[in-house]
Structure formats: C-alpha cells, structure tokens
Amino acid sequence: MIESPSFKTTNLFKRMMAEYLERGVAAKEKGIPIAWVTATFPVEIIYAAGLFPYYPENFGARIAAKKVAAAISAAAEKQGYFPDLCAYARCGIGNAFSIKRPVGEVLKPDVVFCSNAQCGSLQKWFEAAGRYYQVPFFLIDTPLIENTPTTLIKRYIVDQLHELLDFLELYTGNTFNFSRLAEVISLSNEACRLWNEILEMAALKPAPFGYFDACYHLAPIVAWRGTKWAVDYYKELKKELEERLDNKVYVIPDERYKLYFDHIPVWPRLRWFSNLLLERKALAVASQYTHAWAWRFDLNRPLESLVKNHTEVFINRGYEYRLEQKISLMNEFKVDGFILFSNRSCKPKALGLYDKYNIISERTGLPGVIFEADMSDERYFNEEYIKKLFGEFFDRLEREST
C-alpha cells in the first residue's frame, strides 16, 4: 500500500474535535441550549444567539468512518425505518435506539433547526428527532433555485430569518445581538477565505493537498465556522501546507493525473479510495462537495448575505447549473478525468447522473467513471466491482494521455 505523508495538523484536529464535543457536554450541564443544525443552516445566527450548535450529520460521518454504520443503522431499521433512507439519518436515529454505541451517544438536542436546501430526508429526520426528544423544531424552507435566484425567493427566505430571530428571542428570553452576529460572520469570512486558499493548493502540480485530505479537514469549516477555533485551525493547516511546498513534500511526488471527484466520499473507504488512485499516480483535486463552504459574506447586509451563501449551495440548484459548476471546477483545476459517485444515501444528487456523465464527456472530452455505493453503509460496497471499473477507467486515461 502506498502511503502519502501524514499531516501534523491531524493531531490538532483530533484534539480540537474532542474538546468541541466536551464543550457540548459542558454546555448541556450549564443549561446552555444544544441546537441541532444542518450543514447548510445559517449557524452564524445560532452562535450569535448564544446557543451551542451541534451537527448530527458530522456524527453520522464519524460513525461511517469508524465502519459501524451498518450496525447502528440496523437499530433504526428495527424501528421500521427503510434501509434506503439517508445513512446519516439511519445512524442518527439508530443511535437513539441503540444499546451499544461504539462512537458514543449523540448529543441530545434542546431545539432542532433545519434547512431543506440540502434534501428532504434531512427535514424528515429532524422532524422525527424533534418528536422523539420532544423539543421545538424550526425549519427554513428553501425553494429550488434553478439558475439566478429571484427577488421573490430571496425575500421569502430573508423573511424566514426574521421569524428565526423572533423565535430565538422568545426561546432565549434575550434581545438578538446584531453586533455579535457581525463578529461571528467576520470570523466565518476569515475561515472561509483560508479554506478556499487551502483548496486552491490542490491545483498545483505536484500538489501538497488533495480532495481526500480536504474531506478529512472539512469538519471545522462546517461545525466551527463563525468561531475563532475554525480560523486558528485553518491558519495552522495552511501554514503546514506552505511548509510542505517549501520542503517539496507532495501527496504524490511524481503526480501524473489530476481528477475531479464528485460530491461526498465513501467515508469508511476514504483511505482505500485514496490509495486506489495513488497506485496509478492520480490525485483527486476538486469537488463540489468540498468547495460548497468556500463562501464570502457581506457584513453590510448580514441577513441577505447569509441567505445567499446558505441557500444557493449547489445541492439546491438546477440540473444545468450543477453541471456547469462541475465543468467549471474541472477547468479551473485542469483535471485529466472525472469520477462520479452514485450515492444510495443521496437520491437527489444521484438523479440523472448517467446523463451528466454523457454531457460532461461531450462538453469536455475527458474520460470519466461512475460507481455506485453508499457514503456510509458498507453493505452496499462491492470492492471487486469498483476495482474493475476504476481499472478500466485508468487504462482509458493512460491510452488517451499518450
């Protein structure tokens, strides 16, 4: 097995993540409300209101990375939840009903906030959680944005943010602090700027950082965005990457191919996929998934800016928009081929993927491959089938590059 150099920042990540989870437990004990939030919810408002945000999706990814998603999911399936549901939801629900919890217990919510910009499964999962834990459930409804968001859509969502502020004032008993919101958004801006600069380093050839590294270091930009923690973490990661460039330390010193990897990874097989590509001197360098948090906020128009960044994410956009964004990233990172993942857990993302494959091939002339699996549940992972697909893909890549 080929191993790329490990990051020193990995130890910092583990230490900070453990501390973040400890802070959540401590907040619960002090009576600070634990607020479940989805990945595209405007968490800056939650931080500014003084609640402790917690991401069950991140918990689901941790369960998947520990390769126990199937066992946890089984506890949800015994309650009647269908195995074709999103694995994050099955893991979150399964954890609530499990007796054995190999990754620990999910932090129980005092209030649940959801945006359906990502998908409808999250909304139903969080609704179920609100009923199970008997806590308030607040939904931000985000219509699909095909191309350019209309004035009506923007106004509709800004109005919902005002309703959210009213709800928080009633829930906490405190007047909402807009000065604190400006501080939080400023920290989000800084963290997003650093994250974007880190992602751009994958365009270098050879590169010190790739898509699979980005997946590992993604959690802080999702869970800690809006805090000094996230800023400090990405300063350290960027510093380490700059040192790697100075010392000529690369993921693949003799890097031959750059690839686009679409969307979320197969969490329990992160290292497996990384090595599968490394063996052919190929580095995955870009993805809509990791670039989804490379945001910029306008401090002069905080609510409008939160709406723009959190609702205009690629997963809430029309077919042609998503297609063009993929191709734009492929051009920006000068990739030699592309990998599309048909994810059982993410039906909206998988819809029309084989048509996208054909269109991308026609517009770019690049070779590509589609594989089917689940982002978390290894019951749906066929190692030999994927090895065969990728073997044929790399053979084609080599033929067309000579």
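Helices (H or I, at least four residues) and strands (E, at least two) are DSSP runs, numbered from the N terminus. The model is predicted, with local features requiring pLDDT of at least 70 and side-chain atom pairs counting only at pLDDT 80 or more, whereas totals for chains, interfaces and linings use all residues. Residues are numbered from 1 along each chain as its sequence is written, and side-chain values use heavy atoms, without hydrogens and water.

Helix H1 (residues 9–30) comprises 22 residues and spans 31 Å from its first C-alpha to its last, close to the 32 Å expected at 1.5 Å a residue; the expected span is 1.5 Å times one less than the number of residues. Its buried residues (under 20% relative accessible area, with exposed meaning over 50% and partly exposed in between; 1.4 Å probe, protein chains only) include Leu12, Phe13, Met16, Met17 and Tyr20. The buried residues fall within an arc of 145 degrees seen down the axis of H1, so they line one face of the helix; the arc is that of the directions from the helix axis to the C-beta atoms. On the other side of H1, Asn11, Lys14, Arg15, Glu22 and Glu29 are exposed. Just after H1, Gly31 adopts a positive phi of about 90 degrees.

Elsewhere, four strands form an open sheet with parallel pairing, in the order E6-E5-E7-E8; two strands pair if DSSP finds at least two bridges between them. Strands E6 (282–286) and E8 (368–373) are the edge strands, each pairing on one side only. Strand E7 (residues 337–343) pairs with E8 in the parallel sense over six bridges, and Leu340 stands opposite Ile370 in E8.
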